[in-house]
Amino acid sequence: MTDKEMLFEYLLRLGDNCVILSQRLAEWCGKAPVLEEEMALMNVGLDLVGQARLILDYAGKVEGAGRDEDKLAYHRDAQDWRNLLLVEQPNGDFAVTMARQLYFDLFQQLQFEALVKSKDQTISEIAAKSLKEIKYHVRHSSDWVIRLGDGTDESHERMQNALDQLWGFTPEMFDMDAVEQAMVDAGIGVDVSTLRDEWDARINAILTEATLKRPDVTWEVRGSREGKHSEHLGYLLAEMQFLPRAYPDASW
Amino acid sequence: MSNTASELPLYEVFIRSKNGLHHKHVGSLHASDDEMALTNARDVYTRRSEGVSIWVVKTDNVVASQPEDKASFYDPNDDKMYRHPTFYNIPDEVGHM
Amino acid sequence: MVSPVTDDREEIALNEAFQAKVDAELKIEPKDWMPEGYRRTLIRQMSQHAHSEVVGMLPEGNWLTRAPSLKRKGVLMAKIQDEGGHGLYLYSAAETLGISRDEMYEQLHTGKAKYSSIFNYPTLNWADVGAIGWLVDGAAITNQIALCRCSYGPYARAMVKVCKEESFHQRQGYEIMMVMAEGTKEQKAMAQDALNRWWWPALMMFGPHDSESTHSTQNMKWKIKRTSNDELRQRFIDATVPQAEYLDLTIPDDKLKWNEEKQSYDWGEIDWDEFANVVAGNGLCNRERLQTRRDAHDGGKWVRDAALAYAEKRKKRAAKQAA
């Protein structure tokens, strides 16, 4: 891979997370447990759409093949997507959505804090802008995990199940490979393997306050870096991409 | 009504739109605790950058005067015009005071 | 709160004082004395309005996951979020009259309270999202501007906020229609199809003819309502017809014609049987819209219970620590 291809690939990894997770949050529309929470979920979703647009727009420019944010979002098949397996997992109940959100929000915060120092000016600016939003997301999801964990017996059980159910998708977040390493070497990217300890410490603190157990799960799955996704992604894309795929000549 | 007991408490929301102005009542919302009330207020009432500061107060904690008290609360001040500057006649020659 | 009035003469005097205040364009505030009918009418109208906003999120939400570009997805998400916000402002204003949000939900979920029938029609193609913004929000704004001067303070203030935020809704809808009407043959067909299906329901949003309207006279006297149904409907038609012409789309009414003398449009007649049928709960989507709302509320109960239990535990812990 050339340097340019590596950077393009790296940007897809950053941007695709935002596209897919915002799509999942959009599915909550009209179904949130409280009207106020409806507003909160949509705010997070909107932030992610905004981040996705900035990052994919830049990715398209780096690639230089004439693909814009929408070409990238609406005309790639599952094997070309680079989002984490975690973010494509279905919403489940509110506890599952909050567990997924907490795992990702915390990771994204640590990742973007480091990316603010990126030598790539555009990445650095996007990271700085997004970080303000992400800090709020972390506050939102950790508040909820604590409330549900330390709430009723039912909510405690649901929250624990949700954490367990998604835990095996988290190790992938901290994987390094040739692309990640090249970006670190170029001073553009962040060594995600070094974020693990901090992420663990913060998760542990939140789970302790929530009276929840750190998941005792031995399985872990990975593959998104090579486009090996769970079966959920195909359906998500089929729905999301329907219009631009059905009417490729149209603009909207 | 069956669910009223489990309804989240009501909070009143006050927003300072910019420094130099008072916080102003903008409406209410439901939240289980103060932190949720504050973040909900942010999500509900400042979507268009309407504020730089938010107060939330549990509605139960608001102490309000009653309309029936209007006469004894406010009317007695209607005849105390000496509290207003226009009560005093100062000749024009003195200038602005 | 309503003072217990045993004396008829006192009641008449209070009523007269109330009406004098309304006539003088003074706002009525939550704790002021008000006739029981005024309170009931407001609760009915405001909760119906709030329910409409919240149920109204669903037909558009139906296309949120299929919005054809990231920009459109963001815009639609912000718009639907506004609707949730407007529902919330209105519930909040209604709660000042001594009814809880849960009680209003209960009335919605049991079918006792209504919401705008327009949301019982399905959204079948992407142009429907445009048509809803253009026509449904357009009709709503026409109504809502009139309500900003309503005599009940909290309602009027909520409507001012709603109107301020709504102004982008209609424009984004019209822009979607514009892009589609100028787009491919298929897109233009979608736009026309959407207009065909939403035009008449949008006109129904203004309610029955003034001659048939049961609440109108008293509501006008109380200044809850400031302009008549037919007047608002005509205002909407006169504003919208040229907008459709600009799009080169055909309004599905063969009686529609400019009347030079009146300086406004003549038009056909609403199918009032259809209107009554949908209001009665027999529209295409009545059942699923309500079911979605019930499921959200009932399905969210464990979350709300947990949040309350957590708040309670924390309060106890704090008290223990202080002791």
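**Chains A, B and C: how the labels follow from the values**

Q: What makes up the secondary structure of chain B?
A: In this predicted model, chain B has two helices and three strands. From the N terminus, the order is β-β-α-β-α.

Q: Why is chain B called more spread out than a compact globule?
A: The globule rule gives 13 Å for 97 residues, but the radius of gyration of chain B is 21 Å, which is well over that value, so chain B counts as more spread out. Along the principal axes, the C-alpha atoms of chain B fill a box of roughly 70 × 35 × 15 Å.

Q: Why is the radius of gyration of chain A said to agree with a compact globule?
A: A compact globule of 252 residues would have a radius near 18 Å, and chain A has 18 Å, so the two agree. The C-alpha trace of chain A spans about 55 × 40 × 30 Å along its principal axes.

Q: What secondary structure does chain A have?
A: Chain A has eleven helices and zero strands.

Q: What makes a residue count as buried, and what share of each chain does?
A: A residue is buried when its relative accessible area is under 20%. By that cut-off, 61% of the 252 residues of chain A are buried. In chain B, buried residues make up 27% of the 97 residues.

Q: How many positive and negative side chains does chain A have, and how many does chain B have?
A: Lys and Arg count as positive, Asp and Glu as negative. Chain A has 27 positive and 45 negative side chains, with the centres of the two sets 3 Å apart. Chain B has 10 positive and 15 negative ones, and its two centres lie 7 Å apart.

Q: How do you know which residues belong to the contact of chain A with chain C, and how many are there?
A: Contact requires heavy atoms within 4.5 Å. The contact takes 50 residues from chain A and 48 residues from chain C. On the chain A side, A:Leu35, A:Asp150 and A:Trp252 lose the most area to chain C, together 18% of what that side buries.

Q: What area is buried between chain A and chain C?
A: The buried area is about 4100 Å², and carbon and sulfur atoms give 70% of it.

Note on methods:
Residues are numbered from 1 along each chain as its sequence is written. Chains are lettered from A and ligands numbered from 1 in the order in which they are written. This is a predicted model: local features need pLDDT of at least 70, side-chain atom pairs count only at pLDDT 80 or more; totals for chains, interfaces and linings use all residues. Side-chain values use heavy atoms; hydrogens and water are left out. Helices (H or I, at least four residues) and strands (E, at least two) are DSSP runs, numbered from the N terminus. The radius of gyration is taken over C-alpha atoms; the globule rule is 2.2 Å times the number of residues to the power 0.38. Buried means under 20% relative accessible area, exposed over 50%, partly exposed in between (1.4 Å probe, protein chains only). The place of a charge is taken as NZ of Lys, CZ of Arg, CG of Asp or CD of Glu. Buried area is the accessible area (1.4 Å probe) that two parts lose on being put together, summed over both.
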